[in-house]
Structures are given as structure tokens and as C-alpha cells.
Amino acid sequence: MVDILFVQDYFERMIGIMQISAVLKQHGFTTDVVVGSRDAVLKKTRQVKPKIIGFYCTTGFHHRALSTAAELKRRHGDGILTVMGGPHPTFVPSVLEADGVDIICRGEGEYAMLELLQALHGGDDYCAIQNLHVKKGDGLQRNGIRPPCDLDALPFPDRDIYRNIDFIYNQGRQEVMVGRGCPFHCSFCANQAFTELYDGLGSYHRLRTVSHVMDELVEIKQKYRPSCFFFHDDNFAVQKDFCSELLAAYGKKIAIPFACLLRADLVTFQLVKLLKESGCYAVYFGIESGDRHLRQQLLRKEISDEEICHCANLLRQQKIPYFTFNMVGLPGERLAEVWKTVELNTRVQPAWAWFSIYQTLPKTELAERAFKQEIVDAIDVAAADANFHESSTALRQQGDGRKIIRLKNWANVMIKLRIATLVVKKIFLHLPLDAAYSWMDRILYYFSYYARLDVGASWLRKIRSAFFLIRHSDAFGSHSKPAKRQS
Ligand code: B12
């Protein structure tokens, strides 16, 4: 019997879940985790008999969480408490009204979940815990948010929670974050909404100290012998001094390949040199749109084409492979502007250009603006796609929607083989071979991107991962089947 069973959609270590688990275990509670479908959750629930089932929920993936929670409540009634945490309930707290959800957690969950378990353990009332909204009799009790927690005071994320999930536990890559949040205000990103949620309570954007990060890395290195590290922070080099100090210490004490995300306009020769010297094997940065106006005005990412190309040149000179993030289907975007994104990527020549379909995420400035300007008819979380690769509310209302998706699926072929562009423009964009294009993109994605993530993995492991990925294609956010819609 465990105190809490976490549920996640994605076959990857989730830092939020590991972090909450570490705090709970520190106080003597027991935790476990399950990934994937409703059946997997029901089966695991029978096995471990949890008191609480805690769903990590992003917008789009909430459909499946809701239907699973409803089924769990039908089967177990008050024997199990269902809690939803993560970005979706944080920004759409009305999700608590759905059948099957007992509690939602807004913002950071470490101490809210600890207090919830302590209250349950002591037989106390748990309705007034900060960060939680709770169903109480016929009503709802909505509590305020507590200040952001002190990151250096937290125990290191509990990586052992995945010990029973071989695919995750034995992955050579270990994910780490050096802080939370981001100081920039890109209109499509949820970071701004996190900042507003914590307004007046303290800064949501903060970094750990270098020594705290280093102690964690050393512990992971000794305990799990990773083949590489992946720093998941939106912007690894946001504070220059912090970054230089960390990289210097990393090069000396860790010396294992690592990947990180950067903002193109913050990339300098000195930084790239330091990255190379300390073992960086891959860098990711966002282009988002190849159209300067869309990028700077609509998306509020004030980076020029020149800065993007300069960043790519510096990385190329130091032989650090780089990947770009791009979006299509922006509010009001036309096919001609999507071509510009393909063109800019063709100039930049990334190892893989990640293209996803823009979704109107709740509480983001861009979604709210698009709604006010009637470019989308709703910030329609009910219609949100989990996977960002099939469609979106905005694209469904766009005349060129299907062609934009086809262009997205051909983008990487065109970026690599410049000659393909004319053929795609004249022929393939007009043929309704959508399923074939989507599969072509998935296969290329696997070999150009996914298989390269685990630097140290053998080819046998990579082939096993490919089959695993196909078998569990509903549990990979990047290219998954849309989850069933419920609310
Ligand atoms: C790293 C990251 C990823 C990694 C996560 C893997 C990893 N190894 O951790 C990867 C690349 C896999 C990923 C994938 C996706 N991501 Co992402 N990701 C992030 C990022 C940058 C940081 C998340 C993180 O780890 N934060 C640090 C931890 C400590 O915070 P946390 O996860 O929020 O967890 C805290 C609380 O949310 C809460 N909590 C979390 N889980 C639970 C569970 C329970 C029961 C409770 C009570 C509380 C609780 O407590 C935690 C501790 O304080 C955020 C941006 C952000 N600012 O959060 C986007 C973000 C979460 N991602 C987002 C999206 C859209 C996605 C994808 C759908 C993208 C895609 N196209 O595939 C997928 C979906 C994955 C899924 N369904 O699980 C959006 C979500 C927006 C929304 N409204 O839902 C965000 C907010 C970025 C954005 N676009 O603005 N992501």
C-alpha cells in the first residue's frame, strides 16, 4: 500500500513528480508512479492500493486524466482521493468541477502535498491547505497560493520513484533543472502566467546555488552512472555569472556530456567556448517563427534573424550540434509565413528542427489576445490537442490549415535537401496524403532527434527504444495520438 501514486503521460523522468516525491519520502511517506493509459493506471491502482492518486497534468493531456479519475472514483469512491497538479489545473482551476476530481493543486506542490498527507495521516481536516482547491460537501474551497519554495532547501529529486519502470529508470540520460521560471515575457509561453500567479509572493523565476546543483550532479553521477545530463531549464544561460561558475565546476567534477536550452540572443563566443570545454553535446534554441514581425511583435520574442544566425554559426564553429524549436499555426499566420520559418531554418541548418503546432494555452497572453481579436473563437481547452502535432483550434478555423500541417511534416526534408522545396510546393502540399507525411516525419524525427538524445546508448538500446516508442505511441507527448476529449 502506498500513500500516493503519481500518474504521468510521458515516458520520461518528470522533475516535478520526483521533487514532490523526495519531500514526501523525507517525511516518511511512500510514493510510486505509473505512466500512460487508463488501463495501466487502473491496474497499478489495484496493485499498490494508494490513498491518493496524483495526476501531473498539462493542457491537452488533461482529457485522459479526467476520464481516468472519473473511472477511479466510480470504482473506489471515497476510498481514494484524486488530486490534479501541474500547469493545467494551475491555469484552469475550474477543472475541479469535473466528476472524479477531489482536489487540485495550483503552482508548486511539494509542501501542499506534504500537508495533505500529514492531515490525512493525523485524521485532520485538509480543506484549508494553501495551493489546494478542494471539493467540500456541495461546494468548493479555494485557498490562496503560498510563496515560492526555497529551492536550496529541497531534497534532491527522487529518481528512484521510477525504479519499476525499466524504460525510464535505465535511461542513460538524467534530467536536471538549475532553477524555475524565466525572466522573459514571450507571449506564447506559460512562464509569464507562473510569474503572475506568484505576484506579490516572491519571484517564481529563481536559480539554485551552484554548490546545490553540483552536489546533486555528483550524487547522480555516483549513484546512477549516467551517460549524459540534460538541463531542462528554458534558458540555461540566463545569468551569465551563475552559468560560467557552474560550467567551470561541471568541467572539473562531472565531465559527462550534457545538453541544454539557450536563448539565441544570449549566446556569445565565450559562452559557446565554455560549453564546448565543459562537454556540451547539444544545444536547443527557439526560432519560433521565421517571420521577424510574428516573432518580435506577436510572440514578443525580440530576437533578430541575425542573432539567430550568429548563434548557429558560433555553435557550428565549435562543432556543437544544435536543434531549433519552431511553431506553425500561429494566430493569423498564413502559409507564406510558415515558408519563412522553413527558409530561416534552411539558413541555420539545425540537426533537427522541431516543429509543433501552436496551441492556445490558457492564461497565456497570445491566446487571450487571439481570442479578443476573434482570431480563435475560444481558448478551447476542451478541444486542445495533447500532442501539438496533429492540429489545433486555430488551424481548424484556417483555410490553409491542412497545407500548413503538410508543410510542417515536410519541413525537415526541405531543410536538409534544399532541392525538395519546389517539389513539395508544387506537388506534395496539394496531395491529401496526410497520414503518410505524418509517418515520414515521425520516422525522421526518431532517427534525427530522439535516437541522438542518449549519447552513450548502444544501437541495441536505441532499436529497443524505437519499438517501445511505437508500442506506446500514446505516451510520447511529441508524437502521440490525441487523447480522448472529455471536458
Ligand atoms: C521540462 C519541461 C518539459 C519536459 C519534462 C520532462 C522532465 N524531464 O521534467 C518535456 C520535454 C518532456 C516536456 C514535455 C511537454 N511539455 Co513541457 N515543460 C517543461 C518546463 C520547461 C519545465 C517543467 C519542470 O520540470 N519544471 C520544474 C518542476 C519542479 O515544476 P513543475 O513540473 O511545474 O512541477 C511542480 C508543479 O507543477 C506541481 N506538480 C507537478 N506535478 C504534480 C502532480 C501532482 C499530483 C501535484 C499535486 C502537483 C504537481 O508541483 C511541482 C513541484 O513544485 C515547463 C515550463 C515551466 N515553467 O514549468 C514546460 C511546460 C510544462 N510544458 C508544456 C508543454 C505544452 C509540454 C508538452 C505538451 C509539449 C509537447 N509538444 O510535447 C509536453 C507534454 C508532456 C506531458 N504531458 O507530460 C507547457 C504546459 C502548458 C500547459 N498549460 O499545460 C509548459 C508550461 C511550457 C509552456 N509551453 O509554456 N516538458
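Trainee: Is Asn131 buried or exposed?

Mentor: Buried: Asn131 has 22 other C-beta atoms within 10 Å, and the cut-off for buried is 20 or more. Keep in mind that this is a predicted model.

Trainee: Okay, and what's its phi?

Mentor: Positive, about 80°, although Asn131 is not a glycine. Most residues other than glycine have a negative phi.

Trainee: Where is Asn131 found?

Mentor: In the loop between helix 5 and strand 6 (132-136).

Trainee: What about Lys363, what's the phi there?

Mentor: Near 70°, again a positive value in a residue other than glycine. Lys363 sits in the loop between strand 15 (352-357) and helix 14 (365-372). With 18 C-beta neighbours inside 10 Å, Lys363 counts as partly exposed.

Trainee: Switching topic: which domains does the chain have?

Mentor: The domain assignment gives domain 1 (4-142) and domain 2 (171-475). Their centres, taken over C-alpha atoms, are 29 Å apart.

Trainee: And where does the ligand lie?

Mentor: Between the two domains, because both domain 1 and domain 2 give residues to the shell around it.

Trainee: Which residues come nearest to the ligand?

Mentor: Gly16, Gly54, Gly85, Gly109 and Ala190, out of the 46 residues around it. Elements giving two or more residues to that shell include strand 3 (52-56), helix 5 (110-122) and helix 7 (191-197).

Trainee: Which element gives the most?

Mentor: Helix 1, with five residues.

Trainee: How do the shell residues divide, nonpolar, polar and charged?

Mentor: There are 21 nonpolar, 17 polar and eight charged residues in the shell around the ligand.

Definitions and conventions:
Residues are numbered from 1 along each chain as its sequence is written. This is a predicted model: local features need pLDDT of at least 70, side-chain atom pairs count only at pLDDT 80 or more; totals for chains, interfaces and linings use all residues. Domain bounds come from an automatic or database domain assignment. A residue is near a molecule or strand if its C-beta atom, placed from the backbone, lies within 6 Å of it. Helices (H or I, at least four residues) and strands (E, at least two) are DSSP runs, numbered from the N terminus. Ala, Val, Leu, Ile, Met, Phe, Trp, Tyr, Cys and Pro count as nonpolar, Asp, Glu, Lys and Arg as charged, and the others, Gly among them, as polar. A residue is buried if 20 or more other C-beta atoms lie within 10 Å of its own, exposed if 12 or fewer, and partly exposed in between; C-beta atoms are placed from the backbone.
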